[in-house]
Amino acid sequence: ELGIPKNRIILLINRYDKRKDLSLKKIEQTTEVTHILTLLNDFTMAENCTDLGKLVVEIEKKHKLVRVFDDIVGEIAPQDEEEATRPGLLKRWFGQH
């Protein structure tokens, strides 16, 4: 364990499909992490973006993945000035060389 309190962890689940057997509730119970974000499973769009070397927003500005990315940024972006200027975890671990 890294000594990070569970309430400071945000779990991002890529290609989540709510129709599958694994529910968010079960993931929360198993990991004990309550802040869970999901990235929709749109393999076709992801593959098209990869093939074209473009961002989703460059292909389709109103695509559902664009909205999800915006929501994720809103959730993980620093909420106050102190957090925004605080060095990130890797910089604190490894320092600046």
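This is a predicted model: local features need pLDDT of at least 70, side-chain atom pairs count only at pLDDT 80 or more; totals for chains, interfaces and linings use all residues.

A: Happy to! In it, Arg-15 has a relative accessibility of 44%, so Arg-15 counts as partly exposed.

Q: Where is Arg-15 found?
A: Arg-15 belongs to strand E1, which covers residues 11-16.

Q: What is there to notice about the phi of Arg-15?
A: Start with the general idea: most residues other than glycine have a negative phi. In this model, Arg-15 has a positive phi, near 55°, and is not a glycine. Glu-32 is another such case, with a positive phi near 65°.

Q: Where does Glu-32 lie, and is Glu-32 buried or exposed?
A: You will find Glu-32 in the loop that runs between helix H1 (24-31) and strand E2. The cut-off for exposed is over 50% relative accessible area. Glu-32 has 54%, so Glu-32 counts as exposed.

Q: How do I read the overall layout of the chain?
A: List the helices and strands, then follow their order. Here the chain has six helices and two strands. Along the sequence, they follow the pattern β-α-β-α-α-α-α-α.

Q: How much of the chain is buried?
A: Of the 97 residues, 18% are buried.

Q: Which residues make up the largest nonpolar core?
A: To read a core, look for buried nonpolar residues whose side chains are joined. The largest one here has nine residues: Leu-37, Leu-39, Met-45, Cys-49, Val-56, Leu-65, Val-66, Val-68 and Ile-72. Strand E2 (36-40), helix H2 (43-52) and helix H4 (64-76) each give two or more residues to this core. H4 provides the largest share, with four residues.

Q: Which residues does Met-45 touch?
A: Leaving out residues up to four places away in sequence, Met-45 touches Val-56, Ile-59, Glu-60, His-63 and Leu-65. For the chain, take the contacts between residues at least 6 apart in sequence: 53% of these join residues at least 24 apart.

Q: And how do I read a pocket?
A: Ask about its volume and its lining. The second largest pocket has a volume of about 160 Å³. Its lining consists of Tyr-16, Asp-17, Lys-18, Arg-19, Thr-38, Leu-40 and Asn-41. Sorted by class, that lining has three charged, two polar and two nonpolar residues.

Terms used:
Residues are numbered from 1 along each chain as its sequence is written. Side-chain values use heavy atoms; hydrogens and water are left out. On a 1 Å grid over the protein atoms alone, a cavity is a set of points where a 1.4 Å probe fits but cannot get out, and a pocket is an open set with protein on both sides within 12 Å along at least five of seven lines; lining residues have an atom within 4 Å of a point. Grid points are joined across faces, edges and corners, and a volume is the space filled by probe spheres set on the points. Ala, Val, Leu, Ile, Met, Phe, Trp, Tyr, Cys and Pro count as nonpolar, Asp, Glu, Lys and Arg as charged, and the others, Gly among them, as polar. Buried means under 20% relative accessible area, exposed over 50%, partly exposed in between (1.4 Å probe, protein chains only). Contact means heavy atoms within 4.5 Å. A nonpolar core is a set of buried Ala, Val, Leu, Ile, Met, Phe, Trp, Tyr and Cys residues joined through side-chain atoms within 4.5 Å.
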